[in-house]
Amino acid sequence: MAVRPIVIHGEPVLHRRAVEVETIDEEIRRLIQDMYETLDASRGVGLAAPQVGVGLRIFNWKSPVDTGDAPQRGVIINPHLRLIGKISQETPDPENEVEGCLSAPGYSYPLKRSDHVEVQGLDAEGNPISFEARGWFARILQHEYDHLDGYLYVNRLNPRWARRWKKVVKREGWTEPGYSWLPGQDPDPFGHDENEEEAYEESSRA
């Protein structure tokens, strides 16, 4: 198992649809284990395969909030996500509806999400899994599923926050490929101390 570099906005793999996994073999299982290691080292709540440079439809999670019937820590292959709750058109709450992303490190913005989703797919052994998610867990799953379709959460920001993000992209140079960071070696871009035990009820990093 190994911690893999997390690629940053501008890397092509983040901006195109990931492809379905055809066979769950040793290579896929090794990728999944590396994703778990990388997620733990990043102190995030979710990670999609494109974020470690692999354009396959896989993501994992480690939720700090109630996951209902789903495991607190898990992985899903070739997922399908269905919104059950509608996404409100109201302005997102800048205190309680903030997201961050390991592929847009160091920045967080408010975003509306559905409060209720259903997810179906395969587990690491190829067995079918299906569950519903609510609240922050639903937010985490939507965030990761977006990665598999070539979207980052910043692509969904309302005009006010999108303008701020565009300035960040220009300032950081994240319009070009080649940027990444290595969890556990590079400084934590979200500034959390290694010994912090932090539940991410108020902002998710995925």
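How many residues does helix α3 have, and how far does it reach from its first C-alpha to its last? The first legend below takes up this helix. The structure is a predicted model, in which local features need pLDDT of at least 70 and side-chain atom pairs count only at pLDDT 80 or more, while totals for chains, interfaces and linings use all residues. Residues are numbered from 1 along each chain as its sequence is written, and side-chain values use heavy atoms, with hydrogens and water left out.

**View 1**
Helix α3 (residues 159-172) has 14 residues and reaches 20 Å from its first C-alpha to its last, close to the 20 Å expected at 1.5 Å a residue. That expected span is 1.5 Å times one less than the number of residues. Helices here are DSSP runs of H or I with at least four residues, strands are runs of E with at least two, and both are numbered from the N terminus. Look for W161, A162, W165, V168 and V169, which are buried in α3. They cover an arc of only 115° around the axis, which puts them on the same side of α3; the arc is that of the directions from the helix axis to the C-beta atoms. Buried means under 20% relative accessible area, exposed over 50%, and partly exposed in between, with a 1.4 Å probe and protein chains only. Turned away from the buried side is a face with the exposed residues P159, R163, K166, K167, K170 and R171. Strand β6 is included in what covers the buried residues of α3, with contact meaning heavy atoms within 4.5 Å. Just after the helix, G173 takes a positive phi of about 80°.

**View 1. The open five-stranded sheet.**
Follow the strands in the order β2-β3-β4-β7-β8, and you have traced an open sheet with antiparallel pairing. Two strands count as paired if DSSP finds at least two bridges between them. At the edges stand β2 (46-48) and β8 (128-134), each with a single partner strand, so one side of each is left without a neighbour in the sheet. From one strand to the next, the twist averages 40°. Axes are lines fitted to C-alpha atoms, for helices over the stretch in contact, and angles run from 0 to 180 degrees between N-to-C directions. Helix α1 (residues 26-42) lies across β2, β3 and β4 (73-83), running at about 35° to β3.

**View 2. Strand pairs, one by one.**
Starting from β2, three antiparallel bridges join this strand to β3 (residues 58-62), and here A48 has F59 as its bridge partner in β3. Five bridges pair β3 and β4 in the antiparallel sense, with K62 opposite R73 in β4. Another antiparallel pair, β4 and β7, also has five bridges, and L81 stands opposite V119 in β7. Between β7 and β8 there are seven antiparallel bridges, and E118 stands opposite E132 in β8. The hairpin of β7 and β8 has five residues between the strands, and in this hairpin G126 takes a positive phi near 90°.

The whole structure holds 15 salt bridges, each a side-chain nitrogen of Lys or Arg within 4 Å of a carboxyl oxygen of Asp or Glu. One of them joins the side chains of E20 and R57 (4.0 Å, N to O). E20 lies in the loop between β1 (6-7) and α1, and R57 in the loop between β2 and β3, so the pair ties together parts that are 37 residues apart in sequence. E20 is partly exposed, at a relative accessible area of 38%, whereas R57 is buried, at 2%. R29 and E26 meet in another salt bridge (3.1 Å, N to O), and these two residues, three apart in helix α1, are separated by about one helical turn. Here R29 is partly exposed, with a relative accessible area of 29%, and E26 is exposed, with 52%.

The side chains of R113 and E99 form a salt bridge (2.8 Å, N to O). R113 lies in the loop between β6 (108-110) and β7 (116-122) and E99 in strand β5 (residues 98-100), so the pair ties together parts that are 14 residues apart in sequence. Both R113 and E99 are buried. Salt bridges link E99, R113, R139, D146 and R156 in a network.
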